[in-house]
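Here are a few notes to read with the model open beside you. Take them one at a time and find each residue as you go.

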Amino acid sequence: MNLPALHAGMLERIVAAIPGDDRIEALLAGGSMVHGGFDEQSDLDLLVVAHADAHAALLADSRVFAAQFGELLTAFTGQHVGEPRLLICLYGPPLLHVDLKFITPDDLDELFERPVVVWARHGEAITNRVARAKVQPAQTRDAQWYEERIWLWLHYAATKLLRGELFEAVSSLDFIRLMVLGPMLQRNAGVRQRDVRRLEEDVPQAHEKLVPTMPPYNDAAIAEALRRSAALYVELRQADPPPSPIAGMPGLLLEYIGR
């Protein structure tokens, strides 16, 4: 694929450097390079396939490894998303986000997406292994998953509002939009559920649906956004009703907000 010059230049530097590192078996690419929509704002999602006996040492040396490809401004591991094998890097100037995930060949047997082989020391073997991999996308949240969480999360936001913690209440509404309302809009539109990423592009009506759930720093506005969030959820769940709706909702929540 034709990458923007900044991304292409970074990828070229990585591909030029890694053949000299005997610890590395292959370099693969995922994310937008697999799913499409790659543009100048995209980050590079790369899988560095290391020999099993060299993986731990390479992971421990990951920042030094990453620094050879350009001016590395900052980098940190992905423990916060449950992925310690991931090094999240920011290069620049100009600024470029690159994710380097260090895996072993055995990790290629099961993947959440089928990556593109960018470089391989033994090309045919890696290409065949990637082609044979069992691809299991991240688990799609079902209707009951949303139903069991939305009311507690909305109640939490309401408690913060009533206590006067308006920043926390606004943050909670952002979280609900990210975890429930955005993905449900995507689900109902028949597109891949990925929080609120590319929502404007994938779901044209997202603007009119979600903007009323985004309040300014004002207690009355936050209370109204809570009500609108609950109403939007009830509207969206009609397309795929949960088998076991939570009793009393949304009435109990609206009563609590209005007390």
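1. Let's start with the rings: there are 7 aromatic pairs, where a pair means rings of Phe, Tyr and Trp (its six-membered ring) with centres within 6.5 Å; planes under 30 degrees apart are stacked, over 60 edge-to-face, and the rest tilted. One of them joins Trp145 and Tyr146, edge-to-face, with 5.5 Å between centres and 90 degrees between planes. This is a predicted model, where local features need pLDDT of at least 70 and side-chain atom pairs 80 or more, while totals for chains, interfaces and linings use all residues. Residues are numbered from 1 along each chain as its sequence is written, and side-chain values use heavy atoms, without hydrogens or water.

2. Trp153 and Phe175 also pair edge-to-face, at 4.8 Å centre to centre and 80 degrees between the planes. Trp153 is in helix α6 (residues 143–163) and Phe175 in helix α7 (residues 166–189), so their pair ties together parts 22 residues apart in sequence. Helices here are DSSP runs (H or I, at least four residues), numbered from the N terminus.

3. Is Tyr146 buried or exposed? Tyr146 is buried, at 0% relative accessible area, whereas Trp145 is partly exposed at 22%, and so is Phe175 at 36%. The cut-offs are under 20% for buried, over 50% for exposed and in between for partly exposed (1.4 Å probe, protein chains only).

4. Now find Ser229 in helix α10 (residues 219–237). Ser229 is buried, with 1% relative accessible area. Leaving out residues up to four places away in sequence, Ser229 touches Leu154, Leu173, Leu181 and Thr213 (contact means heavy atoms within 4.5 Å).

Technical notes:
Helix = DSSP H or I, 4+ residues; strand = E, 2+ residues; numbered from the N terminus.
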